[in-house]
There are 2 protein chains.
Amino acid sequence: MSILVVGSVALDTVKTPFGEGREVLGGSATHFAVAASFWSPVRLVAVVGEDFTDAHRQPLVDRAVNLGGLTVAKGRTFRWSGEYGDDLNSARTLDTQLNVFASFKPVVPEAWRRTPVLFLANIDPELQADVLDQVHGARLVAADTMNYWIDSKPEALWRLIARIHVLLVNDGEARQLTGESNLVRAAAAIRARGPRAVVIKRGEHGVLVFDGDRIFALPAFPLSALKDPTGAGDAFAGGFLGYLASRGDDVSLDLRRAAVAGSVMASYQVEDFSLDRLRRLTQSEILERFAQFGDLTRFEPLG
Amino acid sequence: MSILVVGSVALDTVKTPFGEGREVLGGSATHFAVAASFWSPVRLVAVVGEDFTDAHRQPLVDRAVNLGGLTVAKGRTFRWSGEYGDDLNSARTLDTQLNVFASFKPVVPEAWRRTPVLFLANIDPELQADVLDQVHGARLVAADTMNYWIDSKPEALWRLIARIHVLLVNDGEARQLTGESNLVRAAAAIRARGPRAVVIKRGEHGVLVFDGDRIFALPAFPLSALKDPTGAGDAFAGGFLGYLASRGDDVSLDLRRAAVAGSVMASYQVEDFSLDRLRRLTQSEILERFAQFGDLTRFEPLG
């Protein structure tokens, strides 16, 4: 089944202890779309400026991401610049230039309004709700958000959360959103407002999936060399929803395998800058790492 | 098989957002011994002061821990006082009174010198080495340490590490010890100096076991209510080595199941202050949570 993603397409300047990327392709919708494209067809709704070249577009074209919803607006493309310290755990933002993204009003092409799977990447929750109004045919809706929206538009965000099936957030965001420092209680507080499932991303510590009254915990893949964590959360979401969409009408929604698929994509994402690793990724590498996740986590019962 | 533990027995005063314990029984050897006692017979070598009462001794006696190596020295028992913030991740030490622990020179009773499994809890690495000299019959030797010894006696610590089979440390200690921020590389650097396995404890994020060229990652058990994290690392070590000792002459050393056993004990340890939860713990609760760890981590292969 197809997935529609709405979010940002950006030019990132990123510095880590292992190198630097200057004005490289980034943004939540980009990272999501490329990761998801290994599993299911992807449609992208976003905005770029007049400075966005064919070369910038190429990684998305190569992955056959449908760019029928990528608007070119007067002005410059959204730019973000950040730096990571030795532990690669969190970025220090050096500069943000919203540019054309500041007046982004997503319009979903008419033909895409019944896309079955919808991912609302991190944008203004009022815009996320507006997109959800447009894609009235979606059977599975997931959303991400960030501390900025939790601070500035909590009511709009909670209204959106009540309408979605899966919320994907990091641990800090789950705590901030609910005021609960304990993640089990934070997830319960979010699920009480509507979503079937809450996925809490913990970076190098892996992911927790709260689905009904069951919890699934998956460690991150232990890597001996990481280059750039930018986009890991969006690549996770891409693998997660990409896997679910690939199951077609299978309504059992195995969120566990989806979380492994997401973690596979995130583990490759961080091995290089921008989309460099995912651009050379193969299906057999994906299957191989999925199996390695089994070896990483398996143990025999007692007795 | 029997386990011998050498470490501290202390009276702790602990404050967390969920309550307070005043002069309650604590110390690395205590927490280790009580947790391990659910799996295998335990012999304890430590020192206490003249103020250490029968009531203090009772939790160890109730668990049939052999106190034939618990010396009473002139003076007061080791005291530690600390406070945890909202996230319970790290303690702020308010006061440390070494008292009789300052001149602790562990002497292993003659009859215990061929104990097959030895745990060197966090004490001066020169004393750990001295105990290892005494327990010449040990077939499995594991050790813990802390930032203080990594700072002050790195050479003695590395000499000890070269002589043991398993090092158990937390993530910060592994990084500090090796100067490697990446845990995969940190574990490899430690294993290169001798130990078969390195177990990296990550608190609420679980544990990594580096055993030969394979890695096992286990999340911590997600708890909706934690009261006091004091002793979690030692309870983990107790379950870990207790399980291995319980296998008798089985030399396959399933460090994966051992890590689950350790995590089961740690997950109960943090549910209440001091030894309160482990004192009322049952074997069937242990089996139940071991099985729950399976449910928490299991996923189906792709396809």
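# Helices and chains in contact

Me: Which residues in α11(B) do the α9(B) residues meet?
Reply: On the α9(B) side we have R257(B), V260(B), A261(B), S263(B), V264(B), M265(B), S267(B) and Y268(B). Contact means heavy atoms within 4.5 Å, and helices (H or I, at least four residues) and strands (E, at least two) are DSSP runs numbered from the N terminus. In α11(B), the partners are E285(B), I286(B), R289(B), F290(B) and F293(B).

Me: Before going on, where does residue numbering start along each chain?
Reply: This is a predicted model, where local features need pLDDT of at least 70 and side-chain atom pairs count only at pLDDT 80 or more, while totals for chains, interfaces and linings use all residues. Side-chain values use heavy atoms, leaving out hydrogens and water, chains are lettered from A and ligands numbered from 1 in the order written, and residues in each chain's written sequence are numbered from 1.

Me: What angle do α9(B) and α11(B) make when they pack?
Reply: Two packed helices are described by the angle between their axes and the distance between them. Axes are lines fitted to C-alpha atoms over the stretch in contact, with angles from 0 to 180 degrees between N-to-C directions. Here the axes of α9(B) (residues 255-269) and α11(B) (residues 283-297) are 9 Å apart. The angle is about 115°.

Me: What area do chain A and chain B bury between them?
Reply: 38 residues of chain A touch 38 residues of chain B. Buried area is the accessible area (1.4 Å probe) that two parts lose on being put together, summed over both. Carbon and sulfur atoms carry 57% of it, and the total is about 3400 Å².

Me: Which residue of chain A forms a salt bridge with D295(B)?
Reply: A salt bridge is a side-chain nitrogen of Lys or Arg within 4 Å of a carboxyl oxygen of Asp or Glu. Chains A and B have four between them. For D295(B), the closest N and O atoms are 2.5 Å apart, and the partner is R214(A).

Me: Which side chain does the side chain of N122(B) make a polar contact with?
Reply: N122(B) lies in the loop between β8 (117-120) and α3 (125-134) of chain B. A polar contact is a pair of N or O atoms within 3.5 Å; within protein, one must be able to donate a hydrogen and the other to accept it, and residues adjacent in sequence count only if both atoms are side-chain atoms. At 3.1 Å, the partner is W149(B).
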